[in-house]
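Biologist: Could you walk me through this one, starting with how to read the lining of a pocket?

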Amino acid sequence: MVQLLTSTLEHRRSYFTKLIVAIVRQAMTYRRGKGNPLTRAEIDRLNTLLPGVEFKIPELLDPAFLNSFAQPKAEEGPPQTAGTLSAAKAQELAAHLIEITKLDPQARGLRFEGFLNELFAGFGLAPRGAFRLVGEQIDGSFKLQGQTYLVEAKWHGPQIGFADLMTFSGKIAGKASWSRGLFVSNSGFTADGLEAFSRGRQTNLICADGLDLYEVLSRKVSLIDVLEEKARRAAETNRAFIAVRDLNLRSA
């Protein structure tokens, strides 16, 4: 199976989507017959990994398809604590981030989403991959201290301005009232855009840039601490972005 997937990726990429969908559907039938049905978590994991090979498959992101899987009853776990990445994992993710810089622009965006999901998973934030809704796409989501955050991920040259911030804020506002958002832009945000966004409206998102990611990968601070403090500062000041270096966090 691995050889088939690898060969298709390398020599017949146009068939890769059909192959993955066929494998998933066959697995659903086979596993159901064995009394061990395929789970939503496994599909979410697949959707998290696919951007790493520069693919998103609409059929696997369709809400009707995803909702057809039974959701296991959530178990109450211990309170989430601020953790750190192992040195090996931090080094692996840092290398992944460097590799992304060598790709063409479209591929960078897809790989960046995969990188973020790996980072979230490393801190136990239960990430889900990108999913589509009518007329829009969300780049993923994760959970922090019981709160669900929707994710927007951008990797391109220009810094993010007011228009992009408003667009993502509108996506969040169209969901459940308890939804929040994290906008990650590797190139950062314009000062004018952030200032305009902070005026006249309540922010429903927080922002992170490439330097913030560096702070986490260098193991200076915990991602959980970063997100919690950014959310707290946003609540106190209505500012969506405050750099990690200005949060006065203790080193991990």
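Modeller: Start with the residue classes: Ala, Val, Leu, Ile, Met, Phe, Trp, Tyr, Cys and Pro count as nonpolar, Asp, Glu, Lys and Arg as charged, and the others, Gly among them, as polar. By those classes, the second largest pocket is lined by eight nonpolar, no polar and one charged residues. Keep in mind that this is a predicted model, where local features need pLDDT of at least 70, side-chain atom pairs count only at pLDDT 80 or more, and totals for chains, interfaces and linings use all residues. Numbering starts from 1 along each chain as its sequence is written, and side-chain values use heavy atoms, with hydrogens and water left out.

Biologist: Which residues line the second largest pocket?

Modeller: Rolling a probe the size of a water molecule over the atoms shows where empty space is left. On a 1 Å grid over the protein atoms alone, a pocket is an open set of points with protein on both sides within 12 Å along at least five of seven lines; in a cavity a 1.4 Å probe fits but cannot get out, and lining residues have an atom within 4 Å of a point. Here the lining is Leu5, Ile20, Ile23, Val24, Ala27, Leu38, Glu42, Ile43 and Leu46.

Biologist: Which residues of α2 are buried?

Modeller: An α-helix has 3.6 residues a turn, so residues three or four places apart point the same way. Buried means under 20% relative accessible area (1.4 Å probe, protein chains only). In α2, that applies to Phe16, Leu19, Ile20, Val21, Val24, Met28 and Arg31. Just after α2, glycine 35 has a positive phi of about 75 degrees.

Biologist: What is the strand order in the open sheet?

Modeller: Strands of a sheet pair through backbone hydrogen bonds, either parallel or antiparallel. Two strands count as paired if DSSP finds at least two bridges between them. The order is β3-β4-β5-β6, with mixed pairing. Since β3 (141–144) and β6 (205–209) are at the edges with a single partner strand each, one side of each lacks a neighbour in the sheet. β3 runs antiparallel to β4 (residues 147–154), joined by four bridges; serine 141 has leucine 150 in β4 as its bridge partner.

Biologist: And which residues line the second largest cavity?

Modeller: Ser141 turns up again, alongside Glu113, Leu116, Asn117, Phe120, Asp139, Gly140 and Val151. Four residues, the largest share of that lining, come from α7.

Note on methods
Buried < 20%, exposed > 50% of the residue type's maximum accessible area, 1.4 Å probe, protein only. Helix = DSSP H or I, 4+ residues; strand = E, 2+ residues; numbered from the N terminus.
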